[in-house]
Amino acid sequence: MAMVGYILSLVVELPVLVLGLSPSHKLNEKVLAGLWLTACTYPAVSWVFPSFIHEPVLLTFVREAYAALGEAFLFWLAFVKLAGGTSLRRDILVVILANVLSFLFGELLKATGVIWTILEWFRL
């Protein structure tokens, strides 16, 4: 299930990052950022937090805040020398937006039951 979740996150986040990050970043940097940022936060979101937070609303808040803010911080660390001033602000907002849209996409898949069809395709 975790790999499916990672891929579904990328389906939403990569286009947002590729289209939204400032033009000062090359396409390969934008794609790398998407793959790397999600890979860095996904294990905690998928396995660590659910192991000790059992209240669903709190778990959702912690997961999403960690993913959005963690990825924004990692992006800042990795790309601060490449983008400064207003483009850095834009880039951080785009990283956070990508996470919010990914969360909403996941909620939509759950609410419509489509997630179970996807998991069945992968036999999970």
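A salt bridge here is a side-chain nitrogen of Lys or Arg within 4 Å of a carboxyl oxygen of Asp or Glu. By that rule, the count is one. Before we look at it, a word on the model: it's predicted, so local features need pLDDT of at least 70 and side-chain atom pairs pLDDT 80 or more, while totals for chains, interfaces and linings take in all residues. Residues are numbered from 1 along each chain as its sequence is written, and side-chain values use heavy atoms, with hydrogens and water left out.

The salt bridge pairs Lys110 with Glu107, with 3.1 Å between the closest N and O atoms. Both sit in helix 4 (residues 85-112), three residues apart, which puts about one helical turn between them. Helices are DSSP runs of H or I with at least four residues, numbered from the N terminus. Glu107 is partly exposed at 32% relative accessibility; buried means under 20% relative accessible area, exposed over 50%, and partly exposed in between (1.4 Å probe, protein chains only).

Move on to helix 5 (residues 114-121), where Ile115, Ile118 and Leu119 are the buried residues. They share one side of the helix because they cover an arc of only 100 degrees around the axis, taken from the directions from the helix axis to the C-beta atoms. On the face turned away from that buried side you'll find the exposed Trp116, Glu120 and Trp121. Just after helix 5, Arg123 has a positive phi of about 60 degrees.

Ile53 is buried, at 10% relative accessible area. Leaving out residues up to four places away in sequence, Ile53 touches Leu58, Leu59 and Val62 (contact means heavy atoms within 4.5 Å).

Notes. Helix = DSSP H or I, 4+ residues; strand = E, 2+ residues; numbered from the N terminus.
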